Amino acid sequence: MPSFSKNEIVSLLNLKSQSILSLMSIANSKRFNNVITYSKNVFLPLTHICRNECGYCTFRKEADNSDSKFLMFPSEVLSILKKASAYECKEALFTFGERPEENEKLKSLLDKLGYDNMVEYLYFLCAETLRKTNILPHSNPGVLKRKELKILKEVNASMGLMLETTSTRLMNTIAHEKSPGKNPWLRIQTIENAGKLKIPFTTGLLIGIGETITERAESLLELRRLQNKYGHIQEIIIQNFKPKIGIPMENYQEPSLIEMVKMVAVTKLLFPDVGIQVPPNLNRHNAQIFLLAGADDWGGLSPLTKDYVNPEAPWPEMREMENLTKETGFTLKERLPVYEKFINPDFLDERILDKIQDIKIAQ
Ligand code: SF4
């Protein structure tokens with residue numbers, strides 16, 4: 001696999017003028033084909049309660065906030081999944097704030113439902129999804145212990161955790177000073193344990209939260225180290241920070257288009273073996289440029305739910321995504337929440353493999 005030194009990556013991220021076009025073109029040449037993939041998903045934000053308070057977050061809500069989704073109950077989850085089945089969604093994206101059971105009200109509600117913590121509750125919902133639908137769970141539960149990952153692997157086709165950054169310095173800034181779970185070493189440990197357990201994994205970096213160019217290079221090198229060791233990373237999301245009214249970082253600047261283009265291109269150069277995704281809902285007008293810089297996946301597109309992490313940015317319609325893709329010279333293709341090369345007993349539990357078989361038969 002490609003090996004770049006930190007200095008080389010920093011130089012690439014600092015390129016100017018025409019050299020940026022050459023970087024994009026080289027990154028583009030690393031593609032295996034002309035296909036841009038997406039997963040037809042349904043978004044299930046189980047709770048907005050979170051132990052962290054990131055300076056850029058709009059998802060987290062206090063328990064007494066009337067807009068807050070305190071907890072999605074099984075009946076609601078199953079009713080959404082039923083609708084998602086009608087739309088032929090293949091991915092149930094379960095997400096929630098990190099360690100929400102640290103909130104006493106939520107903990108006692110989970111107790112009443114018969115669960116000790118959110119991971120247990122999530123396991124139940126994933127198992128129900130597999131039992132009652134032809135939809136594959138993909139969970140994003142935040143930092144987890146190895147034994148929790150091991151249990152969830154039984155009922156997930158893939159899992160995800162954004163590394164965001166390896167910068168411990170940001171733990172003392174507005175971005176992460178109130179977020180114990182954003183300690184990079186906890187996140188690296190989770191991704192590393194997922195590697196040891198052979199869980200197909202989606203991760204990514206958050207760009208523009210105060211990190212330096214050198215720290216971006218260090219974050220990329222850390223992901224490369226993990227991928228070289230375990231080979232379980234299927235997808236890397238390069239997500240741009242967006243200032244939003246009411247968040248602590250409301251007045252911070254988002255990264256420029258050129259900064260993002262260089263990040264995407266350098267990530268593709270370093271990871272030709274991994275899908276590179278830039279969320280199209282956050283980049284409606286620039287999304288095509290990222291395809292030309294080496295991005296090859298649109299991520300989850302939902303015919304059914306809005307993106308609750310960024311509710312102000314509605315998902316572009318499927319037809320619009322098709323047009324954007326075609327116009328750039330690529331072909332849009334649906335994929336499962338687990339990439340093809342991981343669909344084998346080495347990486348997936350028998351229950352997941354059986355469900356994939358059911359989905360293929362139904363198509
Ligand atoms: S961990 Fe996620 S949900 Fe929690 S505050 Fe940070 S960005 Fe928001």
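A nonpolar core here means a set of buried Ala, Val, Leu, Ile, Met, Phe, Trp, Tyr and Cys residues joined through C-beta atoms within 7 Å. Keep in mind that this is a predicted model. Its largest nonpolar core has 86 residues, and Ile238, Val264 and Ala265 touch the most other members. Helix α9 (residues 257–270) supplies the largest share of that core, eight residues. As background, nonpolar side chains tend to be buried together in soluble globular proteins.

Zoom in on Val264. Setting aside neighbours within four places in sequence, Val264 is in contact with Ile238, Ile276, Val278, Phe290, Ala293, Gly294 and Ala295.

Now for the loop between β6 (233–240) and α9, where you'll find Glu254. Glu254 counts as partly exposed because it has 17 C-beta neighbours inside 10 Å. Beyond four places in sequence, its contacts are Gly208, Asn240, Phe241, Lys242 and Pro243. Glu254 and Ile209 are 45 residues apart along the chain, yet their C-alpha atoms are separated by 8.1 Å.

Next, a helix pair. Helix α5 (residues 118–132) packs with helix α6 (residues 146–153) at an angle of about 10°, their axes 10 Å apart, so α5 is roughly parallel to α6. Val119, Leu122 and Tyr123 from α5 meet Glu148, Ile151 and Leu152 from α6. That contact has five nonpolar residues, one charged and no polar ones.

Last stop, the ligand. Around it sit Cys50, Asn52, Glu53, Cys54, Cys57, Phe59, Arg60, Gly97, Glu98, Ser179 and Gly181. By class, that shell has four nonpolar, four polar and three charged residues.

Note on methods. Residues numbered from 1 in each chain as written. Predicted model: local features only at pLDDT ≥ 70, side-chain atom pairs only at ≥ 80, totals over all residues. Axes fitted to C-alpha atoms, helices over the stretch in contact; angles between N-to-C directions. Helix = DSSP H or I, 4+ residues; strand = E, 2+ residues; numbered from the N terminus. Parallel < 35°, antiparallel > 145°, perpendicular 65-115°, else oblique. Contact = placed C-beta atoms within 7 Å. Nonpolar A, V, L, I, M, F, W, Y, C, P; charged D, E, K, R; others polar. Buried ≥ 20, exposed ≤ 12 C-beta atoms within 10 Å, placed from the backbone. Near = placed C-beta within 6 Å.
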